[in-house]
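Biologist: Hi! Could you walk me through this model before I start setting anything up?
Modeller: Happy to, here it is.

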Amino acid sequence: MKAAGKKFPYVSAGALFAIALMCLFSPLFAGGAPRMDFEAASLPPSASHLFGTDPLGRDLFAMIFSGGRSSLFIGIFAAALSAAVAFVYGTAAGLAGETADSLMMRLAELLLAIPPILYVVTIQAAIGSPGAASVAAAIGLTSWMNVAKMVRTEVLRVRGSEYVLWARHMGGGFFYVMRKHLLPNSAPAVMFMVISSIGGAIAAEATLSFLGVGLPANVVSWGSLMSLSQNALLTGDWWVVLIPGAFLVTTLVCIVNVGEFYRRKNTPDT
């Protein structure tokens, strides 16, 4: 009997799809890249500016959806990179001998003990010219450890199966065995972590931009919009904080709900 908690979150998935679609096609209805207009600075929501304007006179409606493209790109690219590193590392640990496996897991736990933002800031400083791709790469390369541990657990569970042993006996290489047998068997169990890491990457970019070490000033994202919140709260421009924050929180909650569905789907009923 299927548990009630395993029902697919259609509302969250639909809202997430709608936000992604609007961000993707924002140039068609949002007027392209937002332009500065100091005569229209800090205007509240109105018929001419649905979401109001920021202190530089840029239309917040256009900024939210054009900025959403950057944030979603960072989230998806960082999650994909993190998942790729995690699957390779976790599979290698699961197939390695006991000593190598133990050393690899201790290394992953050591990396987990250090705040990820320190890695990201260090990588950003090394790159020198941050952009959406470099921020996504920095986040992805520093957020694979938990997924790798889960992949290792799944690999340990199936590595003794006949089809895996037969493939290795017939001369199948590491990447062949991983692609043909280990990845299809471990992917469903870790899918919720991969999906949730998209939201984690978007939140990480917002944090970096809020701290002033994220995207450059000429690149709009939800994180860069949230970085305006300090001055907006002092000047009473509530729309500059509330509306971008609502889009960011809604997106993160929807991603978490979809990820939670996959976690419950792969959890046996008790």
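Biologist: So, from the N terminus on, how do the elements of the protein chain run?
Modeller: They run α-α-α-α-α-α-α-α-α-α-α-α. That is twelve helices and zero strands, where helices (H or I, at least four residues) and strands (E, at least two) are DSSP runs numbered from the N terminus. Do keep in mind that this is a predicted model, with local features needing pLDDT of at least 70 and side-chain atom pairs counting only at pLDDT 80 or more, while totals for chains, interfaces and linings use all residues. Residues are numbered from 1 along each chain as its sequence is written, and side-chain values use heavy atoms, with hydrogens and water left out.

Biologist: Thanks. What does the C-alpha trace span along its principal axes?
Modeller: About 75 × 50 × 30 Å. Of the 270 residues in the protein chain, 42% are buried; buried means under 20% relative accessible area, exposed over 50%, and partly exposed in between, using a 1.4 Å probe and protein chains only.

Biologist: Which residues have the most contacts inside the largest nonpolar core?
Modeller: Phe51, Ile64 and Trp222, in a core of 26 residues. A nonpolar core here is a set of buried Ala, Val, Leu, Ile, Met, Phe, Trp, Tyr and Cys residues joined through side-chain atoms within 4.5 Å.

Biologist: And which helices each supply at least two residues of this core?
Modeller: Helix 1 (10-24), helix 3, helix 9 (174-211), helix 10 (222-226) and helix 12 (238-265). Helix 12 gives the largest share of this core, nine residues.

Biologist: What does Phe51 touch, not counting residues up to four places away in sequence?
Modeller: Pro45, Leu60, Phe61, Ile64, Phe65, Trp239, Ile243 and Phe247. Contact means heavy atoms within 4.5 Å. There is also a second, separate core of 25 residues, which includes Tyr89, Val147, Val190 and Phe192.

Biologist: Switching to packing: at what angle do the axes of helix 3 and helix 6 cross?
Modeller: Roughly 40°, and the axes come within 8 Å. Axes are lines fitted to C-alpha atoms, for helices over the stretch in contact, and angles run from 0 to 180 degrees between N-to-C directions. That makes helix 3 oblique to helix 6, since angles under 35 degrees count as roughly parallel, over 145 as roughly antiparallel, 65 to 115 as roughly perpendicular and the rest as oblique.

Biologist: Which residues in helix 3 meet helix 6?
Modeller: Phe73, Ile74, Phe77, Ala78, Leu81 and Ser82. Their partners in helix 6 include Ala132, Val135 and Ile139.

Biologist: Now the histidine: where is His49?
Modeller: His49 lies in the loop between helix 2 (26-29) and helix 3. The side chains of His49 and Asp59 are joined by a polar contact of 2.8 Å. A polar contact is a pair of N or O atoms within 3.5 Å; within protein, one must be able to donate a hydrogen and the other to accept it, and residues adjacent in sequence count only if both atoms are side-chain atoms.

Biologist: Last one: what is phi of Ser42?
Modeller: Phi of Ser42 is near 55°, a positive value in a residue other than glycine. Most residues other than glycine have a negative phi. Ser42 is partly exposed, with a relative accessible area of 25%.
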